[in-house]
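Thanks for coming. I will take one structure and go through some of its residues and contacts. Please have the sequence and the model open.

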There are 2 protein chains.
Amino acid sequence: MTRPPTVDIREVGPRDGLQVEAPVDPGDRVRLVEALVEAGVSHVEACSFVSPTAVPAMAGAGEVMAKLSRVSGVTYTALVPNRKGAEMALEAGVDELTVTVSASPAYSEKNVRMSIDESVAAVEEVCVLAGTVPVDAVISCAFGSPYEGDIAPERAAALGDRLVDAGAVSLTYADTTGMATPRRVAELLDETGTEVGLHLHDTRGTALVNAYSALERGVRRFDTSVGGLGGSPFAAGAAGNLATEDFVALLDDLGVVSGIDLERLLAASALAAELVGHPLPSRVAVAGPRDRLAPE
Amino acid sequence: MTRPPTVDIREVGPRDGLQVEAPVDPGDRVRLVEALVEAGVSHVEACSFVSPTAVPAMAGAGEVMAKLSRVSGVTYTALVPNRKGAEMALEAGVDELTVTVSASPAYSEKNVRMSIDESVAAVEEVCVLAGTVPVDAVISCAFGSPYEGDIAPERAAALGDRLVDAGAVSLTYADTTGMATPRRVAELLDETGTEVGLHLHDTRGTALVNAYSALERGVRRFDTSVGGLGGSPFAAGAAGNLATEDFVALLDDLGVVSGIDLERLLAASALAAELVGHPLPSRVAVAGPRDRLAPE
C-alpha cells in the first residue's frame with residue numbers, strides 16, 4: 001500500500017462542470033469559485049478561454065478572472081484550446097493553463113476537428129507562449145472512447161511523453177466517457193508512474209472506485225467537480241465528473257488530507273445546484289456526510 | 001491480495017428492491033425472477049413472507065413461489081420476519097430463508113418494534129422450524145445508523161456470533177443506510193473474517209468501492225439488486241442497493257467469475273424498470289457496458 005498522506009484536488013466544476021449547462025452569469029460563476037475556495041479548495045479550474053460561439057456557457061472568462069477575489073496560495077487555472085485562448089488567459093493572470101489532447105483519433109476529429117498531431121502542435125505553441133506559467137496537459141479518452149473501444153495504456157502513455165516534449169509540465173489522464181476500471185487504472189499507472197493526475201467520470205458508476213484504486217497505488221492528483229457537475233456532450237446519458245464531496249468524504253474517512261472542509265463544500269454544492277437549477281448527481285450532497293445523525 | 005476467483009451474487013431486487021416500490025403483480029415478479037435466472041443468476045431472494053398489510057408490495061409471496069419455473073442449481077430464497085412467515089415459506093418450498101436483525105437498537109425499535117434480544121429469539125424460533133433448510137441471518141445497520149452513528153465492528157461481530165448460536169448457518173452484514181467505507185469494511189472483516197456476505201447500499205455513492213475493497217480482501221458473497229432497485233424507507237433520498245450490473249461489470253473486468261451474463265442482465269434490468277415504471281439508479285443500465293461502441 002502506497003496511499004499518500006495528502007492529495008491535491010483540482011476542482012473543475014466551474015469549468016468542466018458548467019460548460020455543459022445552460023450559461024450561468026459570470027458574477028455567479030465568481031460566487032461559486034469563491035465558495036469553493038472558502039471550503040478549502042486550493043486549486044480550481046475557474047473558466048476556459050474558448051470561443052463563446054462554440055461554448056456559450058464559458059463566455060465571459062476574462063470577466064470571471066477579473067472579478068475573482070484571489071486568495072493567496074490558491075492556484076487558479078484556465079483551460080485554453082489554442083494560442084489565442086492562451087494569450088487571453090495569460091493576460092487575465094491565471095496561475096496555470098490546462099490544454100487537452102485526445103488519445104482517441106476519432107474523438108479528436110469529432111470533438112475539436114483536429115488530428116492528434118495538430119493538437120500536439122497547438123499544445124507546443126501554448127507552452128512556448130506560457131513561459132513560466134505551468135501548462136498541464138489533459139489527455140482525454142485516455143482509457144478509450146466509444147468510437148474505437150479501449151486504448152492501450154502504452155499508447156496513452158506515449159502521447160503523454162509527446163506532450164511533455166511539447167512543454168507540458170504535468171499530465172492528467174482523463175476517463176472522458178467512463179471506460180476506466182480499477183484494472184485499467186493500474187495498467188495505465190504501470191506505464192506512466194504515479195506522478196500523474198487523474199480526471200475521472202462517473203458514466204458507469206466507477207469514478208469513486210477508480211479514484212480509490214489509484215489512491216491506494218499512490219496517485220496524489222485528482223480532478224473532481226463539485227456536486228458531480230459535468231459530463232460529456234458526446235456520451236448520451238453520461239453522468240458527470242467524480243463528485244468532489246464524494247471523494248472528500250472518502251479521503252476524510254481514510255485520513256488522507258485534502259484541505260477541504262466537507263460541510264462548507266456541501267454549501268458550495270448547494271449553491272452550484274441553485275445556479276444550474278437542478279439537483280446534482282453527488283450522493284453525499286443528497287444524503288449528507290455519514291456522521292450526520294437523524295433529527296431527534 | 002486475496003481476491004477470490006469466483007463470487008456468489010445473491011440477487012435481492014425482487015425482494016429488497018421491489019418492497020419499497022408500488023406493488024408489482026406476482027405474475028410480473030415471477031417474470032423478473034425468471035429473467036434474472038436466464039441471465040445466469042443462481043441465487044435469488046424471490047420474495048418475503050411478511051404481512052401484506054405491513055408491506056403491500058410483497059403480497060402474494062406464495063403465488064410467486066408457486067408460479068416460478070424452478071431451475072436446477074438455482075437457490076430460491078425468501079425473507080421471513082418470524083415463525084409464521086417461516087412456516088409459509090417452507091410450505092412454499094424455498095431453498096433458503098433470510099432473517100434480519102438490526103445491530104442498531106434504535107433502528108430495530110423503529111423498524112420492527114422489537115428489541116435486538118426479541119429479534120434474536122425470533123431467529124432462533126425460525127432456525128428450529130427450518131430444520132435442514134439453511135437460514136442466513138442478515139445484520140442490518142451493521143456499520144451504524146442515523147440514530148446512534150457508527151456501530152463498533154466488535155458489536156456487529158458479537159451479534160453475528162449470537163445469531164450463529166441461534167442456528168443461522170451464514171451471516172450477511174448489511175450497510176442499510178450507507179455508512180460503510182472501505183476502512184470500515186476492513187475493520188469489520190478483521191473481526192468477522194471473510195466468510196461472510198455483504199449487503200451494500202449506495203446511499204452515499206460508496207456501494208461499489210466498498211464491494212471492491214471487500215473483494216480485494218477475499219469476500220466471496222454479495223447481495224446486489226438489479227438496476228440498483230431498493231433503498232431504505234427510513235433514509236430520505238437514499239439510493240438503492242449495489243446494482244447487480246455495476247458489480248458484474250467490475251467483476252468481468254477483473255476476471256472474477258459470477259456466472260452472470262451482463263447483456264442478459266441488462267435485459268432483466270430493463271424489465272425491472274418497466275415493471276416499476278421509472279428509471280433505475282444503475283449507471284451501467286444507462287450507459288451500457290464499457291465495451292459498447294457508438295453506432296456507426
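A:Arg290 is buried, because its relative accessibility is 16% and the cut-off for buried is under 20%. Please keep in mind that what we are looking at is a predicted model.

Which residue does A:Arg290 pair with in a salt bridge? The partner is B:Asp150, and the closest N and O atoms are 2.7 Å apart. A:Arg290 sits in the segment after α12 (283-287) of chain A, while B:Asp150 belongs to strand β7 (residues 149-150) of chain B, so this pair joins two chains. B:Asp150 itself is partly exposed, at 41% relative accessibility.

Over all chains, the structure holds 40 salt bridges.

A:Glu187 and A:Arg183 meet through their side chains in a salt bridge, 3.1 Å from N to O. How far apart are A:Glu187 and A:Arg183 in helix α8 of chain A? They are four residues apart in that helix, which spans residues 182-192, and therefore about one helical turn separates them. As for accessibility, A:Glu187 is partly exposed at 31%, and A:Arg183 is partly exposed too, with a relative accessible area of 28%.

The next salt bridge is between the side chains of A:Arg220 and A:Glu195, at 2.5 Å from N to O. What does this pair tie together? A:Arg220 is in the loop between α9 (207-216) and β10 (221-224) of chain A, and A:Glu195 is in the loop between α8 and β9 (197-200) of chain A, so the parts tied together are 25 residues apart in sequence. A:Arg220 counts as partly exposed, with a relative accessible area of 36%. A:Glu195 counts as exposed, at 60% relative accessibility.

Now an arginine without a salt bridge. B:Arg29 is in helix α2 of chain B, residues 26-38. This residue is buried, yet has no salt bridge. What is the nearest side chain of opposite charge to B:Arg29? That is B:Glu63, and the distance is 7.3 Å. A salt bridge would need a nitrogen and a carboxyl oxygen within 4 Å. Which residues is B:Arg29 in contact with, once its neighbours within four places in sequence are left aside? They are B:Leu18, B:Val24, B:Ala57, B:Met58, B:Ala59, B:Gly60, B:Ala61 and B:Val64.

On to helix packing, in chain B. Two packed helices are described by the angle between their axes and the distance between the axes. Helix α8 (residues 182-192) of chain B packs with helix α9 (residues 207-216) of chain B at an angle of about 40°, and the axes are 9 Å apart. That angle makes α8(B) oblique to α9(B). The crossing, as α8(B) passes α9(B), is right-handed. From α8(B), the contact is made by B:Pro182, B:Val185 and B:Leu189. From α9(B), it is made by B:Val209, B:Asn210, B:Ser213 and B:Ala214.

Staying with helix α9 of chain B, B:Ala207 is found there as well. Is B:Ala207 buried or exposed? B:Ala207 counts as buried, because its relative accessibility is 1%. Leaving aside neighbours within four places in sequence, B:Ala207 is in contact with B:Leu200, B:His201, B:Asp202 and B:Leu242. From B:Ala207 to B:Val126 there are 81 residues in sequence and 30 Å in space, C-alpha to C-alpha.

In chain A, A:Ala122 is in helix α6, residues 116-130. A:Ala122 is buried, with 13% relative accessibility. A:Ala122 is 68 residues from A:Asp190 in sequence, and their C-alpha atoms are 28 Å apart.

Last, two residues with positive phi. A:Cys141 has phi near 50°, a positive value in a residue other than glycine. A:Cys141 is placed in the loop between β5 (135-140) and β6 (144-145) of chain A. Its relative accessible area is 1%, so A:Cys141 is buried. For B:Arg113, phi is near 50°, again a positive value in a residue other than glycine. Where is B:Arg113 in chain B? B:Arg113 lies in the loop between α5 (105-112) and α6 (116-130) of chain B. With 71% relative accessibility, B:Arg113 counts as exposed.

How values were computed:
Residues are numbered from 1 along each chain as its sequence is written. Chains are lettered from A and ligands numbered from 1 in the order in which they are written. This is a predicted model: local features need pLDDT of at least 70, side-chain atom pairs count only at pLDDT 80 or more; totals for chains, interfaces and linings use all residues. Side-chain values use heavy atoms; hydrogens and water are left out. Buried means under 20% relative accessible area, exposed over 50%, partly exposed in between (1.4 Å probe, protein chains only). Lys and Arg count as positive and Asp and Glu as negative; His and the chain ends are not counted. Contact means heavy atoms within 4.5 Å. Axes are lines fitted to C-alpha atoms, for helices over the stretch in contact, and angles run from 0 to 180 degrees between N-to-C directions. Angles under 35 degrees count as roughly parallel, over 145 as roughly antiparallel, 65 to 115 as roughly perpendicular and the rest as oblique. A crossing is left-handed if the near helix is turned anticlockwise from the far one by less than a right angle, and right-handed if clockwise.
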